Amino acid sequence: MDGSSLPETRSTCPYCGVGCGVLLRPDGSGGLTVRGDPDHPANFGRLCSKGAALGETVGHQERLLTPLVNGQQSTWDQSLDLVADKFSSTIATHGPDSVAFYVSGQLLNEDYYVANKLMKGFIGSANIDTNSRLCMASTVAGQKRAFGTDTVPGTYEDLDEADLVVLVGSNLAWCHPVLYQRVMAAREKRGTKIVVIDPRRTASCDQADLHLALTPGSDVALFNHLLTQIYEGGAFDKTFLASVQGFDDALHAAYADDVAVTGLQQAEIDRFCDLWMRYEKVVTVFSQGVNQSTSGSDKVNSILNCHLAAGRIGKPGCGPFSVTGQPNAMGGREVGGLANMLACHLDLENADHRATVQQFWNAGPLPQQAGLKAVDMFRAVAAGKIKALWIIHTNPAVSMPDADAVRAAITGCDFTVVSDVTARTDTARCADVLLPATAWAEKSGTVTNSDRTLSRQRAVLAAPGAARHDWDILASVGRRMGWTHAFDYENPAEIFREYAALSGLAAAFGRDFDISALADTDDNSWDDMQPQRWPVTANRKGGRFFADGRFYHPDGKARMLPLRWRPPAAKTEPRFPFRLNTGRIRDQWHTMTRTGLSPRLSAHLAEPFVDIHPEDAARLGISRAALVRLTSPQGSAILRARITDAQNRGELFAPMHWTGETAPAGRIDSIIAAQTDPVSGQPESKAAVVAAEKFQAAWYGFAVSSREFRPNVAYWARARTQSGWRAELASDVEVTNWEDQARALFGLPDASMQMVADTARGAYRIAFLEGDKLLAALFVSKAPVAVMRDYLVEQTGHPASDVLTGLTPADRPNAGPVLCACMNVGVNTIITAIEQQGLMTIEALGAALGAGTNCGSCKPELAALIAARQMMEAAE
Ligand SMILES: Nc1nc2c(c(=O)[nH]1)N[C@H]1C(S)=C(S)[C@@H](COP(=O)(O)OP(=O)(O)OC[C@H]3O[C@@H](n4cnc5c(=O)[nH]c(N)nc54)[C@H](O)[C@@H]3O)O[C@H]1N2
Ligand SMILES: Nc1nc2c(c(=O)[nH]1)N[C@H]1C(S)=C(S)[C@@H](COP(=O)(O)OP(=O)(O)OC[C@H]3O[C@@H](n4cnc5c(=O)[nH]c(N)nc54)[C@H](O)[C@@H]3O)O[C@H]1N2
Ligand code: SF4
Ligand SMILES: [Mo]
């Protein structure tokens, strides 16, 4: 069929919590074109680089197509029977708390609802937790403590209307790019002031009026100080404070903290406080720099304290705004995905709530206490207390702190089931039973984004092989465990109706999460459902919370908390002198099982790295592009050095994305201790302590190949290219025969070979050919390999006349690493345009090269290149 004649289907991007609407058009041969939905209230047509590249990730090359039991192909009947039997027999012998589910904020509401119902309602244990524990748990705890409910008060429109946007521990430009573009558009229009509070200088600082590079973990001290200034400056709201308890105690505690621990200059702190005093309309956006901390819940409450004191909450253009990470992080909290919650904002520990849910589900007694939170859950797995474990839609062997121990625990568990779209993950490799799930473009359901907007995800592609929907797999196991009626769902719309009906019962307890008006949505209306913000009830649709001073504690008032600053749990010491911060890069999603399929997205940053301050690097003898070994009490990692003053001295930053599949030495969570916030149980992913030293490489290598290959050396990192694969290599072991080494690397025992060797200098260039076509090439050197990578990665599969020079032919400009992933524009092309054509604005670069004109995610980097040129000119 001709793709262009197929209609477009509205759906939602499966990556971040912005929840952008997409329009999908299948091309009729398994592919998909994707564009932003101009009518979706989250993005109005915009997409970031990841959303724009979704079409490149729907191929089946890496998909898991059938169930596997102990690595052997199996049928659904056999594998589901096995899962049901093992869970049932384990429960019969060891009790319901001997089993656990570990699920994900990327599950759809309907999948999540069924998982939660099965575990809490029927298995009778609360041992279901989610990767949202690593992500949003501190916000959940903080909001519940302050508001009596886990609710984001504001909406995205507040970002358009604010006069001041404060980003705390949020790299919005890279992690919520479409929201960042929204803030930029508002800044253009109304001059919105921007403050970034982050220990390192990120892409989000590019347009900021003020960047406070505070000491890691010191946020509470900063916001405590702000609270005292709100008081002294008379910015507190007496009328609103009638709806708030705890002002005096909170203020008293705030005065006891010393803002000097932030390491900031008094003048910068004063400027921040002045901006807060000057602009009533302030939105404080916060994310993982706040949540992923052993004082994460307190950090959240220190921010909420300020907004409550000033009454700046739930009004247009102001409020605290926790941006969610995963597409359905918010929905997961609403369906009760966390071990300490019930569905629809009901509390597990409340007997009336439990009784209502039990009756509604027609279930046995519900567990009375919270189940194990993620870190404790995997510790219980390691200790043999959890004997059957089901991991769905998440990759904990990579993303949990102390990841090597987690991986060992999963491997050692008596019975592990993993549901995933691919078998090629570090977690899937540990499973006894591997179940093939449908991927986002193949499944239908709903998700809730950061501003409480419920959107539909719609299937547009057929499920490959035997893959089945997550809700369907879960419900099938529920039926096989004997609960036929409870899990007799025909389609996700039916699950959604049940969920919406339950929210009506929750609302009767005065809970705020209420979508009961959707409880009688028939299948057709569900198919057509438009994005809408909850609550959705007979007399209320969407809107903001709390401006009216109504909160959800029993007395209807909010709480301000007395808080004191606490440093991160791990202390630097002579053996581990560096503080290691971790996070995300612009073009990869978590453990890269999907974004890693796109050559374009892989071209931005193709290997794991560590950012280090120039003075620290100099002291350790680490030069540009050298490799660095990081060691912590948990393990060690090898990463490429990026020397940059964006990093404070004594602090390092490394990305979280690389895995055993892509760069085994770069699994950063294998060196991070599992320290958690005492209130939320969220791990401290951003403040490990490590030692750093130069990795003494005997040789460095760069390789390209038209076929996949898996190196076996101390350091390697591979990525996809348009015509095959690329890899960076290094080893501390000398090689005596480079021909043998190269043949083994690529699995090419007989291919014809060309080699240029400079044995004296330890430099080798080796190419393998089939006819005149390049199959693979390896470049080896004693120092980090200097070749035109972006040229070479395009040469596999093509005639390979001058590949061994490693340079681009003189008549062909080398575009350099891709900076604009959407329009495929390299950094050298951009620099040339700036320098030779004098294009000194982002608009001019866009007009000439197309760079930055699609998703805009690269605009901060374009601006940085222009600024660098301006500085050079000023100096000249
Ligand atoms: N490109 C991309 N986007 C994503 C994702 C992705 O994988 N890739 N994942 C999504 C998910 S699930 C999430 S949760 C979000 C996360 O979105 P963000 O939270 O914005 O991203 P991170 O890079 O994890 O961390 C944000 C910042 O916190 C800073 N930080 C570290 N310690 C401190 C501290 O003590 N105080 C303060 N104030 N800041 C600190 C870090 O330097 C970092 O720049 O991104 C979502 N969007
Ligand atoms: N050091 C450090 N560690 C971190 C963080 C950090 O900032 N620093 N951030 C933490 C945060 S905020 C998060 S959210 C986590 C994320 O970490 P994870 O959740 O572990 O990472 P993902 O790669 O998103 O894992 C999703 C898995 O689901 C699979 N999958 C995709 N689609 C489907 C589907 O439809 N069904 C099923 N069943 N499977 C599917 C994917 O192939 C992949 O294996 O990482 C956490 N870990
Ligand atoms: S900002 Fe990017 S990743 Fe996030 S939902 Fe929108 S398109 Fe997807
Ligand atoms: Mo997250």
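A salt bridge, as the term is used here, is a side-chain nitrogen of Lys or Arg within 4 Å of a carboxyl oxygen of Asp or Glu. By that rule, the structure holds 51 salt bridges. Before we look at some of them, a word on the model: it is predicted, so local features need pLDDT of at least 70 and side-chain atom pairs count only at pLDDT 80 or more, while totals for chains, interfaces and linings use all residues. Residues are numbered from 1 along each chain as its sequence is written, chains are lettered from A and ligands numbered from 1 in the order in which they are written, and side-chain values use heavy atoms, leaving out hydrogens and water.

Let's start with D129 and R133, whose side chains meet in a salt bridge at 2.8 Å, N to O. Both D129 and R133 are buried (buried means under 20% relative accessible area, exposed over 50%, partly exposed in between, with a 1.4 Å probe and protein chains only).

Next come R201 and D645, with a salt bridge of 3.1 Å, N to O. This pair links distant parts of the chain, 444 residues apart: R201 is in the loop between β9 (193–197) and β10 (210–212), and D645 is in the loop between β24 (636–643) and β25 (651–655). (Helices, H or I with at least four residues, and strands, E with at least two, are DSSP runs numbered from the N terminus.) R201 is partly exposed at 44% relative accessible area, and D645 is partly exposed too, at 49%.

Then there's D527 with R456, a salt bridge of 4.0 Å, N to O. D527 lies in helix α21 (residues 523–528) and R456 in strand β18 (residues 453–457), so the pair ties together parts that are 71 residues apart in sequence. Here D527 is partly exposed, at 40%, whereas R456 is buried, at 4%. Elsewhere, salt bridges that share partners join E62, R424, E708, R718 and R720 into one network.

Now for ligand 1. It is surrounded by 35 residues, a residue being near if one of its heavy atoms lies within 4 Å. The closest are D198, D219, S287, R584 and Q588. An oxygen atom of ligand 1 is 2.7 Å from a polar backbone atom of G217, and a nitrogen atom of ligand 1 lies 3.1 Å from a polar side-chain atom of K50. Both are polar contacts, that is, pairs of N or O atoms within 3.5 Å. Taken alone, ligand 1 exposes 900 Å², and the protein buries 99% of that (areas come from the Shrake-Rupley method with a 1.4 Å probe).

Methods: Polar contact = N/O pair within 3.5 Å; in protein donor to acceptor, adjacent residues only side chain to side chain.
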